[in-house]
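Keep the sequence and the structure in view while reading.

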Amino acid sequence: MAIKFVKVKRNITVGSNPGEKYLARLFRGTDVSIDQIANEISEATTVSYPDVLACLKAMETHILKYILAGQAVKLSLLGSFIPFISAKAMNTAEEVTADTIKRAGCRFFPSVNFKQAMKKCKFLQTDMNIAGLQQ
C-alpha cells in the first residue's frame, strides 16, 4: 500500500528562494466510511458485519463521551485523543470562569508504532487531472 500524490505548481512568496515552484501534494482519494471498515473487518474475521458495526459505533460513542468529560482516550496501536481548551488570560484567579474559555477541541497524538509505520510508508505518484492543482 502507498500514499498517492500529485505534482502541483505553487507561487512561493516567503523564504530564501521565492517564485514559481513545484511540489508533491497528497491525493486522498475517496474517504473511507465506518461501513466500509466494518465490512472489511467482517470479511477478515469470523465476526458478522452487524456485530462489527455495532462495536465500532459503540467505540465512537464512548470515545466522544470520555473526550467531552475531559479525559484522554489512548488506543495502543493508533495513539491518543486528548481534549484541550483555549482560554482568555485574566489578571486574577477570581476573574477566571467558564466564560473565559474560548473553545474546546481534541487533538490526536499518534503512538510510537503509528509514527514508525508512517516513516516506512511508500509513495506513489498518481496521474490524476485535478483542475487547478497541476499542469
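## Charges and contacts

Q: Which side chain meets that of D31 in a salt bridge?
A: This is a predicted model. In the salt bridge with D31, N and O are 2.9 Å apart. The cut-off for such a pair is 4 Å. The partner of D31 is R28.

Q: Is R28 buried or exposed?
A: A residue counts as exposed when its relative accessible area is over 50%. The value for D31 is 58%, so D31 is exposed. R28 has a relative accessibility of 62%, so R28 is exposed.

Q: How many salt bridges does a search of the whole structure find?
A: One of them joins D31 and R28. E60 and K57 also form a salt bridge, with the closest N and O atoms 3.7 Å apart. The search of the whole structure gives a total of two.

Q: What separates E60 and K57 in helix α2?
A: Helix α2 covers residues 49–68. E60 and K57 are three residues apart in this helix, and therefore their separation is about one helical turn.

Q: Is S111 buried or exposed?
A: S111 sits in the loop between β5 and α3. A polar atom of its side chain lies 3.1 Å from the backbone nitrogen of F114. Because its relative accessibility is 12%, S111 counts as buried.

How values were computed:
Residues numbered from 1 in each chain as written. Predicted model: local features only at pLDDT ≥ 70, side-chain atom pairs only at ≥ 80, totals over all residues. Heavy atoms only, no water. Helix = DSSP H or I, 4+ residues; strand = E, 2+ residues; numbered from the N terminus. Buried < 20%, exposed > 50% of the residue type's maximum accessible area, 1.4 Å probe, protein only. Polar contact = N/O pair within 3.5 Å; in protein donor to acceptor, adjacent residues only side chain to side chain.
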